[in-house]
Amino acid sequence: MTEQLGEELPVQETRRRSFLTGALAVLCGGLATLPPVVAAVWAFLDPLRRSSGAATFLPLTDLTNVPADGQPRQFPVIADRVDAWTGFQAEPIGAVYVKRDEGADRVEVLSATCPHAGCFVELDKAAGCFRCPCHNSSFTLEGGIVAPSPSPRSMDSLECQVSKAGAVSVKWQNFYTGIEDKVARK
Ligand code: FES
């Protein structure tokens, strides 16, 4: 009986050690995969990554920078941008035209991205319209399409807010180009 116990003890000790070694290997493997998993979850949860141009209100300008004369003014949309591993602070992620009609205390905001293929739409002050230099689409100052234009739809309007203090913010979104319907990118 005593001899049997003496033989079993090393066997049990060996099993215990191999169990601990296996558990340690699993733990180390788990820790090694933790950073990419955390980064992936974080990237998924970040509002600017969830959609290229997610529906996020971003500060744009002050109302005093938009005279009530019906003339569109161009403003960059600035936001902290995040790639998979790197964060970029206060970078331009798009541009908009903001217009305030005479006597109005509200503004209208149009995306400067052409709905045809995504080029930057320019303001032609002399002609009193918007033009896209890529394929010659034209739009009215209200963003309506001017025929003949290859763009399948009018310029994309964006929701905006003006605070009591006069801070203008825009709900920045990107939309699919080349289609008639205005569909936000997810
Ligand atoms: S991208 Fe603007 S007209 Fe084609």
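Reader: Where in the chain is G166 placed?

Author: G166 is in the loop between β10 (160-162) and β11. Strands (E, at least two residues) and helices (H or I, at least four residues) are DSSP runs, numbered from the N terminus. This is a predicted model, in which local features need pLDDT of at least 70 and side-chain atom pairs count only at pLDDT 80 or more, whereas totals for chains, interfaces and linings use all residues. Residues are numbered from 1 along each chain as its sequence is written, and side-chain values use heavy atoms, with hydrogens and water left out.

Reader: How do you know whether G166 is buried or exposed?

Author: Buried means under 20% relative accessible area, exposed means over 50%, and partly exposed lies in between (1.4 Å probe, protein chains only). The relative accessible area of G166 is 9%, so G166 is buried. In the protein, buried residues make up 28% of the 186 residues.

Reader: Which residues does G166 touch, leaving aside those up to four places away in sequence?

Author: G166 touches T61, D62 and L63, where contact means heavy atoms within 4.5 Å. G166 and T64 are 102 residues apart in sequence, yet 7.5 Å apart in space, C-alpha to C-alpha. For the protein as a whole, 50% of the contacts between residues at least 6 apart in sequence join residues at least 24 apart.

Reader: How many helices and strands are there, and in what order do they run?

Author: The protein has two helices and eleven strands. From the N terminus on, the order is α-α-β-β-β-β-β-β-β-β-β-β-β.

Reader: What makes C119 and C134 a disulfide?

Author: A disulfide is a pair of cysteine sulfur atoms within 2.5 Å. The S to S distance of C119 and C134 is 2.0 Å, and therefore the pair meets this rule. The count comes to one disulfide. C119 is in the loop between β4 (108-111) and β5 (122-124), and C134 is in the loop between β6 (129-131) and β7 (138-139), 15 residues apart.

Reader: What makes the pair E108 and K99 a salt bridge?

Author: A salt bridge is a side-chain nitrogen of Lys or Arg within 4 Å of a carboxyl oxygen of Asp or Glu. The N to O distance for E108 and K99 is 3.7 Å, and therefore this pair meets the definition. E108 also meets R106 in a salt bridge, at 3.9 Å, N to O. K99, D101, R106, E108 and E142 are linked in a network of salt bridges. K99 is buried at 5%, E108 is partly exposed at 31%, and R106 counts as exposed at 53%.

Reader: How many salt bridges does the structure hold?

Author: The structure holds eight salt bridges. One of them joins R73 and D69, at 2.6 Å, N to O.

Reader: Which residues of the largest nonpolar core touch the most other members?

Author: A nonpolar core is a set of buried Ala, Val, Leu, Ile, Met, Phe, Trp, Tyr and Cys residues joined through side-chain atoms within 4.5 Å. In the largest one, of 17 residues, L60, V77, V96, V98, V107, V109 and L158 touch the most other members. β1 (56-62), β2 (73-82), β3 (87-99) and β11 each supply at least two residues of this core. A second, separate core of eleven residues includes A95, Y97, L110 and C132.

Reader: What makes the nonpolar surface patch?

Author: Patches are made of residues with over 30% relative accessible area and no salt bridge, with like charges joined within 9 Å and nonpolar side chains (Val, Leu, Ile, Met, Phe, Trp, Tyr) within 5 Å. Y176, I179 and V183 make a nonpolar patch of about 220 Å². I179 is in the segment after β11 (167-172).

Technical notes
Accessible areas come from the Shrake-Rupley method with a 1.4 Å probe; for residues, only the protein chains shown count as cover.
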